[in-house]
Amino acid sequence: MDKEETDVEQGVEEDTTSDQLGWLNEASVRIGSTLDLVTTSQELADFTVPHFADGAAVDLLESVLHGEEGAHPGRTGRPATRAMAVAAIDALTTLEPDPVGELSASNVDQFATICLTLGKPVLVSHIEPDEYVRIAPNSRSAELLRHAGVHSYLVVPLIARGVLLGAADFVRAGDRAPFTAADLELATQLASRAALFVDNARLYEREREHVVALQRSLLPRATPVTPGLTVSHCYAPTADPSGVGGDWYDIASLPGGRTALVVGDVMGHGLSAAATMGRLRAVGRTLMAMDMAPDRVLARLDLAARDLEEDQVATCLCAVYDPADASFTVVSAGHPLPMLIGPDGSASFVEVPIGAPIGAGVIPYDALRVPVEPGSRLVLYTDGLVKSRTRDIDVQLDRLLRSAPALRFARFDAAALSDFAPAGTERFDEAVLLVAAARPATWASGLRVWDLPGDGSAAGAARKHVREQLGLWHLDDLADVTELVVSELVGNALRYGGGPGRLRLLCHDRLLVEVSDTGPDLPQIQHASLSDEGGRGLQLINMLCRRWGSCRTETGKVVWAEQDMPSGVSGPPLP
């Protein structure tokens with residue numbers, strides 16, 4: 001070979017090497033455009049067809065798909081894999097590889113099994129007739145491979161950071177040259193780069209699963225009994241891990257048959273935001289258990305948030321439903337406005353006075369009373385429902401408002417409404433929804449309210465109302481205890497509260513009696529000596545009732561006591 005031929009051959013080799021390096025560099029751009037395992041796998045398969053192979057398939061370990069660690073090369077036994085992506089030229093579309101999304105066929109004699117077990121590539125330059133069954137998932141697929149003219153096969157492991165993640169196999173057919181050792185080296189380099197993208201997607205998915213799991217564990221697991229309301233809720237995490245963590249909701253049953261609904265959103269995402277959310281929800285639930293007014297709940301929550309080391313703020317909306325007058329008392333701390341859906345399907349946003357976010361240190365908060373009709377729905381949500389990468393938030397809010405009539409005669413709950421959130425990659429934030437529907441008035445047969453006189457006859461009047469009503473409800477077994485309880489509550493109101501105002505009796509899953517007065521001091525159990533003539537009333541109530549308590553109101557306070565229903569009785573008889 002003379003010098004001129006040597007120079008030409010050397011130039012061809014340099015051009016080929018340059019082309020290969022350029023192709024590998026292009027792979028770094030076209031593969032791994034997202035942190036999604038399915039998309040990354042499909043990008044790898046599509047990138048190699050038809051430039052490198054006539055057909056390609058990518059399988060990933062089942063453990064990788066669950067965010068767990070992959071396998072270590074060299075371990076005994078083939079790990080379970082799942083088909084993730086397939087690509088082929090038009091002439092090979094009749095082939096039958098493992099269906100995407102299904103578990104891959106497992107056979108100890110298959111070349112893919114050898115590759116996964118040893119963690120090394122396998123090259124079959126020329127496929128012998130008896131070797132098709134070692135490539136295809138079954139005999140039928142093997143026959144299709146042979147009839148399609150597939151003559152060369154190559155499978156390489158996907159290994160990143162010393163961990164086996166899966167395998168990619170390639171075939172050539174027709175007049176195309178078979179795979180060579182150079183092709184094996186090129187495929188190995190490509191697989192090494194692609195495996196890093198797959199592993200990044202795995203780690204990203206694992207982080208998301210951890211945050212979502214923490215988030216869900218901090219949210220309510222059951223919906224309490226809500227007299228007069230039907231409450232549905234929905235938590236919709238986003239596919240983007242950076243958009244998970246911080247949204248919460250809560251539903252609390254309050255004395256007097258009232259129900260507290262809370263929706264909040266910690267500004268920020270990830271584990272830190274989820275942890276802060278858990279703390280704020282715990283504080284908020286404790287405050288609601290003390291039966292504070294919703295504006296005072298947010299004020300106290302604001303003070304608690306300022307003590308957190310994370311120095312994070314949150315928006316929050318608190319609504320308390322009172323079945324006695326069919327109204328919501330709503331307070332907002334920088335949160336998106338709730339939506340009210342009328343019985344006729346008309347929708348509007350409730351113009352609640354918007355206070356500063358929780359943790360910003362600006363109080364007080366102003367409450368708004370919103371009367372509702374039976375069949376109305378109050379929709380509470382976080383901004384993840386309306387935020388979009390491509391649309392203005394005002395457009396999304398208008399779309400949400402217009403979506404209500406479409407669901408007027410269909411199922412209208414939190415899960416149905418979440419369908420109107422931005423889809424796919426447009427939605428980059430998690431969303432929480434609460435839909436509280438006011439029930440028809442038939443349930444109200446279990447609620448009675450009486451105004452009491454402000455003199456000494458109040459106790460007798462209260463006992464008379466209670467005994468007559470319990471007789472109508474066929475709850476005579478509770479009459480003696482309830483009369484004693486109401487006598488003590490009215491007596492305390494006369495002595496310390498400036499006289500009783502209103503008596504309320506609620507029969508639902510429990511029997512509750514409450515008495516209001518104008519006094520500012522909340523009652524407490526006192527230690528009474530043998531010579532004391534009084535001071536034992538609350539002790540009796542504490543022994544005879546399931547629980548009791550008191551809460552402040554705008555005009556004074558309410559003292560209440562709750563009893564369990566007799567066995568086999570769940571509420572008053574329907575009218």
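1. T113 is in contact with R78, N107 and V108, leaving aside residues up to four places away in sequence. The residue belongs to helix α4, which covers residues 111-118. Is T113 buried or exposed? With a relative accessibility of 5%, T113 counts as buried, because the limit for a buried residue is under 20%.

2. The structure under discussion is a predicted model, and its confidence deserves attention before further details are read. The mean pLDDT of the protein chain is 84, and 86% of the residues reach 70 or more. Among the secondary structure elements, confidence is highest in strand β3 (residues 122-124), at a mean of 96. Confidence is lowest in helix α10 (residues 414-417), where the mean is 61.

3. A separate remark concerns residues 3-15. Over this stretch pLDDT stays under 50, and the model has 2 contacts for it beyond four places in sequence.

4. The overall organisation may be summarised next. The protein chain contains 13 helices and 21 strands. Of its 575 residues, 49% count as buried. The chain exposes about 26,700 Å², and carbon and sulfur atoms supply 53% of that area. Among contacts in the protein chain with a separation of 6 or more, 69% are between residues 24 or more positions apart.

5. How many aromatic pairs does the count give? The count comes to 6 aromatic pairs. One of them joins F111 and Y153, with 6.0 Å from centre to centre and 35° between the planes. F111 counts as buried at 5% relative accessibility, and Y153 is buried with a relative accessible area of 1%.

6. Y321 and F328 provide a further example. Their ring centres are 4.8 Å apart and their planes stand at 45°, so this pair is tilted as well. Both Y321 and F328 are buried.

7. V558 illustrates how sequence separation and spatial separation can be read together. This residue is located in strand β21 (residues 557-564). V558 and G256 are 302 residues apart in sequence, while their C-alpha atoms are 9.5 Å apart in space. Which residues does V558 touch, not counting those up to four places away in sequence? The residues are E514, V515, S516, G549, S550, C551 and T553. V558 counts as buried because its relative accessibility is 10%, and the limit for burial is under 20%.

8. The final point concerns the surface. A nonpolar patch is formed there by L484, L540, M543 and L544, which together have about 350 Å² of accessible area. Helix α13 (residues 537-544) gives the most to this patch, with 3 residues. L544 is found in helix α13. Why does L544 count as partly exposed? Its relative accessible area is 38%, and the partly exposed class therefore applies, since buried means under 20% and exposed means over 50%.

How values were computed: Residues are numbered from 1 along each chain as its sequence is written. This is a predicted model: local features need pLDDT of at least 70, side-chain atom pairs count only at pLDDT 80 or more; totals for chains, interfaces and linings use all residues. Side-chain values use heavy atoms; hydrogens and water are left out. Patches are made of residues with over 30% relative accessible area and no salt bridge: like charges are joined within 9 Å, nonpolar side chains (Val, Leu, Ile, Met, Phe, Trp, Tyr) within 5 Å. Accessible areas come from the Shrake-Rupley method with a 1.4 Å probe; for residues, only the protein chains shown count as cover. A salt bridge is a side-chain nitrogen of Lys or Arg within 4 Å of a carboxyl oxygen of Asp or Glu. Helices (H or I, at least four residues) and strands (E, at least two) are DSSP runs, numbered from the N terminus. Buried means under 20% relative accessible area, exposed over 50%, partly exposed in between (1.4 Å probe, protein chains only). pLDDT is the predictor's confidence in each residue, from 0 to 100. Contact means heavy atoms within 4.5 Å. Rings of Phe, Tyr and Trp (its six-membered ring) pair if their centres lie within 6.5 Å; planes under 30 degrees apart count as stacked, over 60 as edge-to-face and the rest as tilted.
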